[in-house]
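Have a look along with me.

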Amino acid sequence: MAPHAIVFDLLTALLDSWSLWAEAANNDREASYRWRTRYLELTFGCGAYRPYEDLVYESARDAGLPDSAPKALIEDWDRMRPWPETKEVLLQLKEKGYRLGVVSNCSVELGRRAVALCGVEFDAFVTAEDAGFYKPHPKPYGSILSALGVEPKDALFVAGSNGDVVGAAAAGMDVVWHNQIGLPSLPGSKPRLEGRSLHVVLDHLRRVEPTSSSRASSRSSSRL
């Protein structure tokens, strides 16, 4: 069945945060990947919320990077950009009447600034700081569903990171994976569809949305 709401991860599914991390690491993509991977391990492993900035600094040190790298990341936060197709896809979804939500593993302040970069208004937005836990703990997923007023079965989650694929599915949502940079899948990862572009969302919806004829048939039946 077609969902009523679509929930997005923010910093990987909608925004190209990977390039910002690389720039903060002096464009050493190997080092930035090591740093970002360690950061994801910390957020997905810590559960209860710890300040996002603390985890950014801790993961940099664990990856062998100086404090200048996380300092640059935070200072240049507003230079992050959406993926090229982000606004187009979001506007198409709004035109189709879907409720749109975002749930992000970051602080309220950084999340507010990041979501504004998408250039589209969302119906609801929740951060790990709001929820008190980092994904893939169930609380952030439950919080965004409550904010949107939908049940898990009526929402589609658009993951950007591999941990979200498993976490959102465990929360009861169907999941598609916008795997732009080609992250490896985790055990138990079974997205409905995976693609290297955010258009994977539209591709999935074309498979599950009722056709014009079936919608007309449904309306006729309801009048009998």
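**Entry 1: cysteines**

I began with Cys46, which is partly exposed at a relative accessible area of 25%. For the record, I call a residue buried under 20% relative accessible area, exposed over 50% and partly exposed in between, using a 1.4 Å probe and protein chains only. The model is predicted, so local features need pLDDT of at least 70 and side-chain atom pairs pLDDT 80 or more, while totals for chains, interfaces and linings use all residues. Residues are numbered from 1 along each chain as its sequence is written, and side-chain values use heavy atoms, with hydrogens and water left out.

My cut-off for a disulfide is a pair of cysteine sulfur atoms within 2.5 Å. I then checked Cys106, which is in no disulfide either: its nearest cysteine sulfur, in Cys118, is 11 Å away. Cys106 is buried, with 0% relative accessibility.

**Entry 2: Asp164 and helix H9**

Is Asp164 buried or exposed? Asp164 comes out buried, at 0% relative accessibility. I found Asp164 in helix H9, residues 162-170. Helices here are DSSP runs of H or I with at least four residues, strands are runs of E with at least two, and both are numbered from the N terminus.

Next I listed what Asp164 touches, with contact meaning heavy atoms within 4.5 Å. Apart from neighbours within four places in sequence, Asp164 is in contact with Asp9, Phe44, Lys135, Tyr141, Phe157, Ala159 and Ala169.

**Entry 3: cavities**

Rolling a probe the size of a water molecule over the atoms shows where empty space is left. My search ran on a 1 Å grid over the protein atoms alone; a cavity is a set of points where a 1.4 Å probe fits but cannot get out, and lining residues have an atom within 4 Å of a point. Points are joined across faces, edges and corners, and a volume is the space filled by probe spheres set on them.

How many cavities of 30 Å³ or more does the structure hold? I got two. The largest cavity holds about 100 Å³ of space. Its lining has 13 residues, with Asp9, Leu11, Tyr39, Leu40 and Asn105 the closest to the centre. Helix H2 (residues 29-46) gives the largest share of that lining, five residues. Domain 1 (5-15 + 81-208) and domain 2 (17-79) each supply at least three residues to the lining of the largest cavity; the domain bounds come from an automatic or database domain assignment.

I sorted that lining by class and got four nonpolar, five polar and four charged residues. In this scheme Ala, Val, Leu, Ile, Met, Phe, Trp, Tyr, Cys and Pro are nonpolar, Asp, Glu, Lys and Arg are charged, and the others, Gly among them, are polar.

The second largest cavity has a volume of about 40 Å³. I found Thr12, Trp18, Trp83, Gly160, His178, Asn179, Gln180 and Ile181 in its lining. By class, that lining has three nonpolar, five polar and no charged residues.

The peptide bond from Lys135 to Pro136 is cis, with omega near 15°. I placed Pro136 in the loop between helix H7 (128-131) and H8.

Asn26 sits in the loop between helix H1 (17-24) and H2, and Asn27 is in the loop between H1 and H2. Phi of Asn26 is positive, near 60°, and phi of Asn27 is near 60° as well. Asn26 is exposed at 70% relative accessible area, and Asn27 is exposed at 55%.

**Entry 4: two stops on H2**

Ala31 is in helix H2 and is buried, at 3% relative accessibility. Arg38 is in H2 and is partly exposed, at 28%. Leaving out neighbours within four places in sequence, I found Arg38 in contact with Ser59 and Asp62.

Key: On a 1 Å grid over the protein atoms alone, a cavity is a set of points where a 1.4 Å probe fits but cannot get out, and a pocket is an open set with protein on both sides within 12 Å along at least five of seven lines; lining residues have an atom within 4 Å of a point.
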